[in-house]
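Please open the model in your viewer and keep the selection panel at hand. The tour goes from one selection to the next and says what is there at each stop.

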Amino acid sequence: MCSSDLPAITARSTRIELAITEKGANVAQVVDGVRYKRESLAAETAASITDYLKKAAGLDIDERRKKQRGRCGLKLREESRRAIMDITSSGSSQGLRLRIDIDRDAQLAREFEDLGLEPEQVKMLEKTADGADRHGVILVSAAPGQGLTSTLTTLLKRHDAYTCNIKTLERDVQRMVEGVDHAEWDPSDPDNDFPTQLRSIIRRGPDIVMISDLQDPATGVQASKVGLDGPLVYQGIQTKDGVPGTITEWFRAVGDLKEASKSLAGVVTVKTMRKLCPECKAPFTPTAEQAKRLGIKDPSKVQLYRQSGRVQVKNKIEECPTCRGTGYFGTLGVFECMPIDREARKLLAGGDLKAAYTHSRRTLGMMLMQEAGLRKVSRGETSLEEVARVLNPEKTSRPTAAASS
């Protein structure tokens, strides 16, 4: 099969989703972290594609309910490369769902230095690196599909896996980190639920534990028991409500404000932004208002960049072949890292989340996510429009792209 048969692949998609029913299939693709709908497929076509991919990935074609995972390769003739596709199949009374992750390992293989943390944020995390203060719970959060898995696994790379004992508990191990003991929870084992397996892992005395999610509230109860003298715990939480929403979810899971607060060492929340295409980004001089937002004193001496998607070839303007006309190429993380000290824990234990947040901002120097995003704009990494789209989604329209067609 050549790449011309798969427009979603040639459009630089990293994920393709099919929701299949007897009437047909709804199709969507993800390009640079943004989800686009594609044209629906007829039922017969969808069934043929599904069976072909499941067979290629070594899955049971007749199994329509149980979750299955497999992998296969696809040769892209025009691009002289081979794409690796991770196929996930699951079903319910509503129909079959097929998810195709394209080159997933490459997407998740990031170094800590490339996450997108600002220098001030890295400095705040240094306290819990490999030293005497490597204890407590760090809550790590993102909205679904916004980089939670890659952030969690990359944070583990801060530590030397060969001089300390690092373990994980995950529902789906998507990325293996060298030297780390990854454990995948088996939902079919009735005698070993997720919180029970976590308790068993903590009792073995690891130095660092990474927990993929907080779906079961009892997981938070077990994680909170490590205190400030036990292992360092990275607790993953899915939420789109930033630092306040992350802490609220943690409190809800633990169920006791004092217990939930006493072990907290920090909160890291991330959102994914698109990077401007290096080949076609268009330079411009910021207005006085834009310069003020960015902290620029003299806008006439500063050059920013915006999305283009077009390049000049001789005397003709054409679609950029690098980004396929979107104006963006790849993604980066924008972070808000809340350090938590004794005073912040005291305020949180008393139920005053707003005061704790203000304390971290004013006293501990926490950088807001908007500030971190604008910092990336000033360096030409992304655009003002992209920052507005990600941080104020209700006020901006959904992006369009030639790659989604």
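What follows is a walk through a predicted model, beginning with a sheet and ending in the cores.

Begin by selecting the strands of the open, seven-membered sheet, whose 7 strands follow the order β9-β8-β10-β11-β7-β12-β17 with mixed pairing. At its edges lie β9 (181–184) and β17 (328–339), each of which pairs on one side only, and from one strand to the next the twist averages 20°.

Next, select the largest nonpolar core, which has 32 residues and in which I247, W250, M338 and L348 have the most contacts. The elements giving two or more residues to this core include β7 (136–142), β11 (232–238), α8 (242–254), β12 (264–276) and α12 (353–362), and the largest share, 6 residues, comes from α8.

Which residues does M338 touch, leaving aside those up to four places away in sequence? Selecting the surroundings of M338 shows V243, I247, G266, V267, A356, Y357, S360 and M366.

For the last stop, move to another core of 25 residues, which lies apart from the largest one and has L117, L155, V180 and A265 among its members.

Technical notes
Residues are numbered from 1 along each chain as its sequence is written. This is a predicted model: local features need pLDDT of at least 70, side-chain atom pairs count only at pLDDT 80 or more; totals for chains, interfaces and linings use all residues. Side-chain values use heavy atoms; hydrogens and water are left out. A nonpolar core is a set of buried Ala, Val, Leu, Ile, Met, Phe, Trp, Tyr and Cys residues joined through side-chain atoms within 4.5 Å. Buried means under 20% relative accessible area, exposed over 50%, partly exposed in between (1.4 Å probe, protein chains only). Helices (H or I, at least four residues) and strands (E, at least two) are DSSP runs, numbered from the N terminus. Contact means heavy atoms within 4.5 Å. Two strands pair if DSSP finds at least two bridges between them. Axes are lines fitted to C-alpha atoms, for helices over the stretch in contact, and angles run from 0 to 180 degrees between N-to-C directions.
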